[in-house]
Amino acid sequence: MFRIRNQQLDTIAMKRFVDRVETTLMDEWFMRKNFQEEKERLPLRQMIEHGISIAQRYGLETEQDLVFFLLNMIEIGPQFHEHPPIQRLVADKSLAFSERKHELLSLASGEWDAAARIGDANAYWAEVLPDYWRAQDVD
């Protein structure tokens, strides 16, 4: 008899989640259906997987919470969560993430602007996804 372990189910569920997020982001950014060869030109999948690992360090678990974090990481900047007022809220595990998210959304736009100025997004992604960027230099 063939048996699937819980860890295998978690891996399959995470792959499907990443697939859905990748497709949604591609369709939203390009305002049309995207094809596999287009997806392969961007490191979006690797960016999503990396963002999930960062979000999980803050205790985020639900798909909704992970997507909230990922969207901010991609749209605001990959290091947005390092801005002290944002980091305090994201890291505060004494609150449910829904409460933390409410507080995050209540922050003044100046705080989000400051978060967007942390680091250089291209340098960050080049550091965490070196294989992708090396391949781009060769082409």
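This is a predicted model: local features need pLDDT of at least 70, side-chain atom pairs count only at pLDDT 80 or more; totals for chains, interfaces and linings use all residues.
Figure 1. Residues are numbered from 1 along each chain as its sequence is written, and side-chain values use heavy atoms, with hydrogens and water left out. The protein chain holds nine helices and zero strands, where helices (H or I, at least four residues) and strands (E, at least two) are DSSP runs numbered from the N terminus. Of the contacts (heavy atoms within 4.5 Å) with a separation of 6 or more in the protein chain, 57% come from residues 24 or more positions apart.

**Figure 2. Helix 3 and helix 4 where they pack.** The two helices, helix 3 and helix 4, pack at an angle of about 120 degrees with their axes 9 Å apart; axes are lines fitted to C-alpha atoms, for helices over the stretch in contact, and angles run from 0 to 180 degrees between N-to-C directions. Helix 3 and helix 4 are therefore oblique to each other, given that angles under 35 degrees count as roughly parallel, over 145 as roughly antiparallel, 65 to 115 as roughly perpendicular and the rest as oblique. Residues making the contact include Leu44, Met47 and Ile48 of helix 3, together with Leu66, Phe69 and Leu70 of helix 4.

**Figure 3. Aromatic rings and their pairs.** The structure holds five aromatic pairs, where rings of Phe, Tyr and Trp (its six-membered ring) pair if their centres lie within 6.5 Å, and planes under 30 degrees apart count as stacked, over 60 as edge-to-face and the rest as tilted. In one of them, the ring centres of Tyr58 and Phe69 are 5.9 Å apart and the planes stand at 45 degrees, so the pair is tilted. This pair links distant parts of the chain, since Tyr58 sits in the loop between helix 3 (44–57) and helix 4 while Phe69 belongs to helix 4, 11 residues apart. Tyr58 is buried at a relative accessible area of 11%, and Phe69 is buried at 1%. For Tyr124 and Trp125, the ring centres are 5.1 Å apart and the planes are at 85 degrees, so the pair is edge-to-face. Tyr58, Phe69, Phe80 and Trp112 form one aromatic cluster.

**Figure 4. Gln79 and the residues it touches.** Gln79 lies in the loop between helix 4 (63–75) and helix 5 (84–91), and Gln79 is buried, with a relative accessible area of 15%. Leaving aside residues up to four places away in sequence, Gln79 touches Ile118, Gly119, Asp120 and Tyr124. Tyr124 is itself buried, with a relative accessible area of 13%.

Figure 5. In helix 6 (residues 97–106), Phe97, Arg100, Lys101 and Leu104 are buried. Seen down the axis of helix 6, these buried residues fall within an arc of 100 degrees, so they line one face of the helix; the arc is that of the directions from the helix axis to the C-beta atoms. What covers the buried residues of helix 6 includes helix 4, helix 5 and helix 7 (109–116). The face of helix 6 turned away from its buried side carries the exposed residues Ser98 and His102, and His102 has a relative accessibility of 52%.

Notes. Buried means under 20% relative accessible area, exposed over 50%, partly exposed in between (1.4 Å probe, protein chains only).
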